[in-house]
Amino acid sequence: MVCFLYKISINCNIHLNTTCILFIKYILVEGDYTLSTFIAFLFMAALIAVIVFLVLGIMNVIKKNGRAKRTFLYSGAAFIATIILAVTSPDAPAVKSPGPTETVQTPVSEVSQPTASIGDDQPGVTAEQTTATDKQVQGNAEQQKTFAENQIKKDEAKSAAQAKIKAAEKAKSDAAAKTEADKKAAEAEQETAAAKAKVAKEAATNAIPGTIGMTPDQFRTAFNKSSTEIGMDMHLPKLNISSGAVQNTFQYMLSDNIALTGTINKADSSIREINLLGQTAGSYEESANYLLAMGLIMKAVDPRATKEDNAAKMRKLGLMDENLELANLNKQATIDGLKYSISYLDGIGLMFYVNDENDK
């Protein structure tokens, strides 16, 4: 059904187009420019439009696409126009049927002569009409030219926009690639730095067999402070450092029988070991001074230690035993990363050491 109606609408469109062509031909060739001719043309066009829009409306109803109402309105408007044109025709002649024996003859003088082709000398076409036609053709050409130029501009704008998008995408891709390259470079730099630090640490470890974590000046300051706090008159002056082939050393005599010596790492000038040597046999005062010097050393190398902590170190070294025999004294204790050792050697006396527990 839809196909049938579609064919009808196609045929009606063809008839409408044919009617328009015939009317134009009739106007230009036959030279009939009367109002009735024009109204007759409009009447035929409106009539065909009524049929076309009616058929299209039925098709839209079947298809249910929501256009049926508008199409029927168009058909109604065309029908009204048809009626108006039929009524307002100024010179519609009454149709008279010839009698059964009456023959209609056309005078020879009324037979229309063939018209010349349309041109400058054609009687039915004026110069103004030709000029108007030329202007219309020229206007159409200019419109086509303008349309083509606008289309070219649109294409160029579209190409420019696409190029801009591609450039932005490329810039984004390049930025991402640069970020990734920078990240890899930074990681490589970090790895290199870590490797260098590891090598430096290993070299420092090899160069520093052990350290108590302070320089000679720091030790001297801590020792003198501890001595002042407990009210002793035992202070260290500025220590004289002696340079050696492998390590440096310093030595200071606290009394005639008590000597304080130390070894210093060349790599970082830190103290590797503190040694307190005392020949106190037969002298109670020297023995007491020796023990006090030991306490000051313990406090100097571990400033956070309390009196109780130092007393505990003394006990671990056996110096608080009731049956203490110096000839048999040989003990050591490791506390907070430092190793404390004490021993007695015949002919030398007491020897007290403080060094790194990991000292090689």
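**A walk around the model**

Start by selecting Asp217, which is partly exposed, with a relative accessible area of 40% (partly exposed lies between buried, under 20%, and exposed, over 50%, using a 1.4 Å probe and protein chains only). You're looking at a predicted model, where local features need pLDDT of at least 70 and side-chain atom pairs count only at pLDDT 80 or more, while totals for chains, interfaces and linings use all residues. Residues are numbered from 1 along each chain as its sequence is written, and side-chain values use heavy atoms, with hydrogens and water left out.

Lys238 counts as exposed, at 60% relative accessibility.

Next, pick Arg272 and Asp359, another salt bridge, with the closest N and O atoms 3.0 Å apart. Arg272 lies in strand E3 and Asp359 in the segment after strand E6, so the pair ties together parts that are 87 residues apart in sequence (strands are DSSP runs of E, at least two residues; helices are runs of H or I, at least four; both are numbered from the N terminus).

Then go to Asp321 and Lys331, whose salt bridge has its closest N and O atoms 3.7 Å apart. Asp321 sits in the loop between H7 and strand E4, and Lys331 in strand E4. Lys331 counts as partly exposed, at 36% relative accessibility.

Last stop: select Phe72, found in helix H3 (residues 68-87). At 33% relative accessibility, Phe72 counts as partly exposed.

Technical notes:
A salt bridge is a side-chain nitrogen of Lys or Arg within 4 Å of a carboxyl oxygen of Asp or Glu.
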